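Subject: Handing over the structure

Dear colleague,

I am passing this structure on to you, and below it you will find what was found in it. Please have it open beside the text as you read.

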Amino acid sequence: MRQGMAWYVCKRLLQGVVTVWFIATATFFAMHNVPGDPLLNDRAMTPAIRANLEARYGLDQPLFNQYLIYLGNLAQGDFGISFTQENRQVNDIIREHFPVSATLGILAVLFAAAGGVLWGALTALYRNRMPDYVIMFLVILGISVPSFVVAALSQLGLVTLNTLVGRSLLPVAGWGSVFHMLTPALVLGLSTMAYLTRLMRSSMLEIIDSDFVRTAKSKGVPPALIFSRHQLRNAILPVVTVLGPQIAVITTGGFVVELVFAIPGLGRFFVEAVQQLDYTVIMGTTVFYGAFLVFMVIVVDLLYGFIDPRVRLQ
Amino acid sequence: MTAAPLLQVEDLHVEFATHGGTVRAVRGVDFSVDSNRTLAIVGESGCGKSVSVQSIMGLIPVPPGRIGPGSALLRGQEILGNNVVNGRDVRGSEIGMIFQDPMTSLNPTMTIGAQIAEPLQVHRGYGAGRAREEAIRLLESCRIPEARKRAGQYPFEFSGGMLQRAMIAMAISCKPALLIADEPTTALDVTIQSQILDLMRDLQRETGMAIILITHDLGVVARMADEVLVMYAGEVVEKGGVDDVFYRSAHPYTLGLKAAMPSNRDDSAQVLTPIDGSPPDLFAPPGGCGYFARCPYAMQACEDNHPESFDLHADHFARCWLHHEDCDVEATDVHRTTASE
């Protein structure tokens with residue numbers, strides 16, 4: 001069994017590498033098909049830099065050669081130098097700014113998962129009663145209102161609140177302490193939390209009426225144990241299944257929230273790079289994000305194997 | 001019999017409030033069962049067998065269910081609507097229960113051993129290790145080979161018959177005085193059925209527990225039961241010792257059930273005869289006899305007059321107007337005290 005598990009992990013990681021290679025290839029050729037030239041932007045580019053860059057990346061060479069060179073560098077973990085920010089390594093950009101985005105994203109996923117499971121279970125237990133109606137109304141709001149609206153509204157709310165109290169309870173924007181993280185993480189995780197709440201509610205409703213819950217009652221198991229051991233554990237399975245793709249939704253949605261809350265995350269570089277056709281930064285951020293997401297999906301799948309004994313990882 | 005019976009149920013009523021109105025699922029059921037005895041409750045689907053025992057076990061969701069009036073006394077203590085007696089839940093400790101479909105009746109994400117150990121931990125306060133050892137011993141006593149290995153497995157790794165054995169092991173883990181088996185063999189194939197029934201019987205001999213067996217299989221009744229309760233449309237229509245009910249059937253519905261049972265006797269030329277029609281609508285139960293519309297001996301009086309119960313012998317009664325002294329209908333196959341005496 002242990003051996004099967006190790007083999008499964010290896011297989012999944014190999015598949016992941018192939019996926020990342022595919023992402024890199026697709027991005028590379030799509031990017032080069034966009035009209036324009038990264039070296040022809042508003043700023044005057046000194047001939048020295050142009051020559052330096054062209055020599056290093058072979059921009060004068062055929063596209064396929066460029067692709068091979070790029071893959072070679074990528075295999076060594078070198079994303080190259082930014083085209084627009086002089087002498088700045090893409091690796092440095094990622095190293096500096098990714099931890100910010102990752103912290104925000106992970107916090108948002110935790111908010112979303114914990115909130116979704118809690119609210120979903122609550123609405124199921126209070127089915128067709130007041131708490132159920134109130135929470136489900138908020139869920140529909142959470143799913144349908146886009147995150148930039150929620151972000152702006154939450155900032156407005158914070159400003160009003162801080163003014164009323166007369167001092168700063170929570171910072172409205174910026175990055176630094178834990179207090180800076182709370183509001184943007186909540187905003188970022190909100191729609192996923194709403195989605196997971198709905199999923200958890202329906203899955204919990206199915207479990208509440210199931211035969212094995214009736215069996216647990218017939219054994220005289222106390223309600224708190226029935227809830228945690230028999231209902232929650234089984235109802236959570238579908239939630240874990242969608243957690244992988246939802247992590248992708250949250251991290252890609254992070255760009256907007258980072259912008260509104262002035263958070264120095266990776267998202268800003270990603271968007272600006274596309275606008276300025278900064279080849280290396282586009283490639284670096286895309287491939288890195290892609291690899292991160294592939295990795296997270298594998299982690300969630302492994303997690304699922306631990307939660308649901310029926311899933312045999314082979 | 002001077003002492004009070006182990007479980008005495010009197011005048012049990014259960015209703016369900018639905019969008020279409022109130023379903024009166026159980027309408028005044030009385031029965032009792034004693035240690036070392038097996039009471040079979042028979043009847044077709046929807047006649048209130050399962051609802052009766054589930055209401056006693058507190059397994060009917062309230063609402064939409066509504067339980068009462070009525071009483072269920074376990075050793076003289078009321079347990080209807082209140083399963084906690086002397087600070088302890090009688091479910092799992094005093095009364096064990098097994099269900100129809102073992103495939104869905106066990107928690108798919110818990111090991112079999114942990115599920116059997118659970119009542120021991122809840123009711124007896126056993127530690128995890130001790131409860132686990134006891135669970136393995138219980139699995140062995142329910143004739144599951146390689147019990148130690150099996151205890152660490154999950155329900156999806158078991159076959160249906162093995163799961164039902166595990167269910168039994170779980171139900172008897174705290175040595176209950178009463179085992180309720182709600183159609184325990186319906187979902188199993190015939191050879192496995194037989195093994196499960198044997199197992200229940202042997203466990204009863206060892207522990208002296210009482211069994212309430214719900215089934216619609218008269219073959220199972222003949223093999224297992226000491227007493228039989230025939231239910232129809234939420235009421236008891238005939239009750240008596242197993243021989244009385246089988247050989248001296250006193251209600252046309254019991255006869256209908258017997259005629260609908262397949263037989264493999266060589267000399268039997270009988271054709272399987274189903275009971276025509278279907279049970280009455282329990283949204284609006286009939287004022288007279290519930291079996292009126294399907295009964296071959298139905299009389300004018302049966303339509304509007306609810307039948308009284310007539311005693312035929314000690315502990316054998318039927319709820320049918322045919323036993324009224326003024327009845328002159330010819331019904332040769334219905335056993336009547338007047339005819340036999």
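**A loop residue in chain A**

Tyr126(A) sits in the loop that runs between helix H4 (90-125) and helix H5 (130-144) of chain A. Before going further, please bear in mind that this is a predicted model. Is Tyr126(A) partly exposed or buried? Tyr126(A) counts as partly exposed, because it has 14 C-beta neighbours inside 10 Å, and a residue is called buried if 20 or more other C-beta atoms lie within that distance. If its neighbours within four places in sequence are left aside, Tyr126(A) is in contact with Pro131(A) and Asp132(A). Arg268(A) stands 142 residues from Tyr126(A) along the chain, and the C-alpha atoms of the two are separated by 42 Å.

**Where the two chains touch**

The contact between the chains draws 17 residues from chain A and 22 residues from chain B. On the side of chain A that touches chain B, helix H8 (211-218) and helix H9 (223-235) of chain A each supply at least two residues, and H8(A) gives the most, with six residues. Sorted by class, this side of chain A has four nonpolar, six polar and seven charged residues.

**Chain B as a whole**

Chain B holds 11 helices and 15 strands, and its C-alpha trace spans about 70 × 50 × 45 Å along the principal axes. A compact globule of 341 residues would have a radius of gyration near 20 Å, and the 21 Å of chain B agrees with that. Buried residues make up 48% of the 341 residues in chain B. Of the contacts in chain B with a separation of 6 or more, 62% are accounted for by residues 24 or more positions apart.

Chain B is divided into domain 1 (7-225) and domain 2 (260-340), and the C-alpha centres of these two domains of chain B lie 31 Å apart. Where they meet, 10 residues of domain 1 of chain B are in contact with five residues of domain 2 of chain B. Strand S2 (residues 21-33) of chain B gives the most to the domain 1 side of this contact, with five residues, and by class that side has four nonpolar, three polar and three charged residues.

**The sheet of eight strands**

In chain B there is an open sheet of eight strands with mixed pairing, in the order S9-S10-S11-S3-S12-S13-S15-S14. Strand S9 (95-98) and strand S14 (310-313) of chain B are the edge strands, each of them pairing on one side only. On average, and with direction ignored, neighbouring strands of this sheet are turned by 20° against each other.

Which strands pair with S11(B) in the parallel sense? S3(B) pairs with S11(B) in the parallel sense over five bridges, and Thr38(B) has Ile211(B) in S11(B) as its bridge partner. S10(B) also pairs with S11(B) in the parallel sense over five bridges, and here the bridge partner of Leu178(B) is Ala210(B). Strand S13 (residues 235-241) and strand S15 (residues 316-318) of chain B, by contrast, pair in the antiparallel sense over two bridges, with Glu238(B) standing opposite Ala318(B) in S15(B).

S11(B) is largely enclosed by the rest of the structure, because six of its six residues are buried. In a regular strand the side chains alternate between the two faces of the sheet. In S11(B), Ala210(B), Ile212(B) and Ile214(B) point one way, while Ile211(B), Leu213(B) and Thr215(B) point the other way, and all are buried.

**The helix across the sheet**

Helix H1 (residues 49-56) of chain B lies across strand S3 (38-42), strand S10 (178-182), strand S11 (210-215) and strand S12 (227-232) of chain B, and it runs at about 145° to S11(B). H1(B) is mostly covered, since eight of its eight residues are buried: these are Lys49(B), Ser50(B), Val51(B), Ser52(B), Val53(B), Gln54(B), Ser55(B) and Ile56(B). Just after H1(B), Gly58(B) takes a positive phi of about 70°.

With best wishes

How values were computed
Residues numbered from 1 in each chain as written. Chains lettered and ligands numbered in written order. Predicted model: local features only at pLDDT ≥ 70, side-chain atom pairs only at ≥ 80, totals over all residues. Contact = placed C-beta atoms within 7 Å. Helix = DSSP H or I, 4+ residues; strand = E, 2+ residues; numbered from the N terminus. Nonpolar A, V, L, I, M, F, W, Y, C, P; charged D, E, K, R; others polar. Pairing = 2+ DSSP bridges. Axes fitted to C-alpha atoms, helices over the stretch in contact; angles between N-to-C directions. Rg over C-alpha atoms; globule rule 2.2 N^0.38 Å. Buried ≥ 20, exposed ≤ 12 C-beta atoms within 10 Å, placed from the backbone. Domains from an automatic or database assignment.
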